[in-house]
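Please look through the structure below with the text beside it, following one site at a time.

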Amino acid sequence: MGLGQWLNERTGIHDVYRVVLARKIPKTGWAYTLGSATLFVMINQIVTGILLSIYYVPTPDHAWDSVNYIQNEVLFGWLIRGLHHFGASAMVILVGLHMIRVVIYGAYKYPREVTWLTGVLLLIITMAFGFTGYLLPWDQKAYWATTVGTQFVGTTPLVGDWMLNVVRGGPDLSAVTLARFFGVHVWVLPAALLTVVSIHLFLVIRLGISNPPWKKNQPPLPQDETEASA
Amino acid sequence: MTDAQMENEDPRELSRREFMDRSIKAIGAFIGLTMGIPAVGYLISPALQQQPGGRVRLGRTSEVEIGVPTLFTVTIDKTTGWVKSEIDLAYFVYTEDGINFTVMSNICTHLGCRTHWNEAGYIYCPCHDGRFDVQGNVIAGPPPRPLKRVEFQVDANNTILIREA
Ligand code: HEM
Ligand code: FES
């Protein structure tokens, strides 16, 4: 008995492969790859982000030096940082294009409303990643961009000042701000992202990919399909 | 299997499905390697970096007590990663005649604690009761080797110089 068979008997891994990777989809086009492209860049961000955390430290007196060290001293540091840096922009662009694709093709309609809603959360999470990550190098651009970006919060009626204090961890940008942005960037948001992406992909697989609008008939829902083949 | 057969009658020919399957795996392996190799280099990078070892003045030969290992401490500037800091180096210098000297590290050869001279007549490591004689040879306890001897020079002003570790 081969290892694959041994494992399959205990885990049903072949079914997982069949349902997740070898699932049937309608004849579509390149626009339908945008979600997968986003997923790919997300994995890139996770891998390179973990690598950056090996050297980066989130304190005002060393944050910039540690980034400079990664960029100029560590072997391939420029590559890892570059991939994370440009990957961040790529991810925002791809999420946007993916969403536009869903709008144009009307793929948000029944029964995919919840997929759309989890998608909205993913958009917010992606933007939050960009916002919190931008501060981490603690250079002039980061400092002032975050000063301006957090200042908006203060304009909220009544509770503005209080909210600004929460976001910055005080009235001004400080060591506290950097530490909490780091915590949100590397713990809160990744946890949220992985949770919501899991639900998003579960729904994509469960409901099947929508037919392009120029095709009349929806493909059968997965439940129907299993009944039909049984 | 049945899909492959339906798509392609001749089993010797590469089916479209199989071609895609292999291409995806090849591209995946390529991406894995182009990420994996730099990642390993990135992680082991600090171990590959050479520390420039300058010369350090330990002290004057006249400061060494005859017959007793004398501890010299020097503070050097060192950059570790992105932090510039001062670290203390400590060495025993031993002489019996004021002419021939031995310089040895005070780092215990067992598990790296700092040793010191005990008035009872031996170099003592407090971590696991390691004991060394005046020359750094092990007398008792777990240390497996004598204290590490260090190469040194004595210049024209009778200053003991060692290489930065
Ligand atoms: C981290 C961000 C995201 C990832 C990784 C992601 C991933 C995916 C993937 C892999 C698919 C299946 C293939 C495709 O249709 O492209 C998909 C489908 C879908 N996504 Fe996203 N997505 C993200 C953000 C969004 C956003 C911002 C929205 C809209 C607000 C959205 C709404 C949808 C919908 C409605 C579908 C179903 C499309 C269909 O069945 O044709 N997603 N997503
Ligand atoms: S470290 Fe010195 S005796 Fe163990």
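This is a predicted model: local features need pLDDT of at least 70, side-chain atom pairs count only at pLDDT 80 or more; totals for chains, interfaces and linings use all residues.

His200(A) counts as buried, because its relative accessibility is 13% and the buried class covers values under 20%. For comparison, the ideal angles for six octahedral donors are 90 or 180 degrees.

Ligand 1 is surrounded by 25 residues, and the closest are Tyr32(A), His98(A), Arg101(A), His200(A) and Ser210(A). By class, this shell is made up of 14 nonpolar, nine polar and two charged residues. At least two residues of the shell come from each of helix 3 (34-52), helix 5 (77-104), helix 6 (113-135) and helix 9 (175-207) of chain A. Among the pairs of polar atoms, a polar backbone atom of Tyr32(A) is 2.9 Å from an oxygen atom of ligand 1, while a polar side-chain atom of Arg112(A) lies 3.2 Å from an oxygen atom of the ligand. In the case of His200(A), an N or O atom of the side chain is 2.8 Å from a nitrogen atom of ligand 1.

Helix 6 of chain A also holds Thr126(A), which counts as buried because its relative accessibility is 5%. Leaving aside neighbours within four places in sequence, Thr126(A) is in contact with Met91(A), Val92(A) and Val95(A).

Some details of the backbone remain to be pointed out. Tyr110(A) and Pro111(A) are joined by a cis peptide bond, with omega about 0 degrees, and Pro111(A) lies in the loop between helix 5 and helix 6 of chain A. Phe76(A), although it is not a glycine, has a positive phi of about 60 degrees; Phe76(A) is situated in the loop between helix 4 (63-72) and helix 5 of chain A, and it counts as partly exposed because its relative accessibility is 28%. In chain B, Asp129(B) has a positive phi of about 60 degrees although it is not a glycine, and this residue is found in the loop between strand 6 (122-125) and strand 7 (130-132). With a relative accessible area of 42%, Asp129(B) is partly exposed.

Note on methods. Residues are numbered from 1 along each chain as its sequence is written. Chains are lettered from A and ligands numbered from 1 in the order in which they are written. Side-chain values use heavy atoms; hydrogens and water are left out. A residue is near a molecule or strand if one of its heavy atoms lies within 4 Å of it. A polar contact is a pair of N or O atoms within 3.5 Å; within protein, one must be able to donate a hydrogen and the other to accept it, and residues adjacent in sequence count only if both atoms are side-chain atoms. Helices (H or I, at least four residues) and strands (E, at least two) are DSSP runs, numbered from the N terminus. Ala, Val, Leu, Ile, Met, Phe, Trp, Tyr, Cys and Pro count as nonpolar, Asp, Glu, Lys and Arg as charged, and the others, Gly among them, as polar. Buried means under 20% relative accessible area, exposed over 50%, partly exposed in between (1.4 Å probe, protein chains only). Contact means heavy atoms within 4.5 Å.
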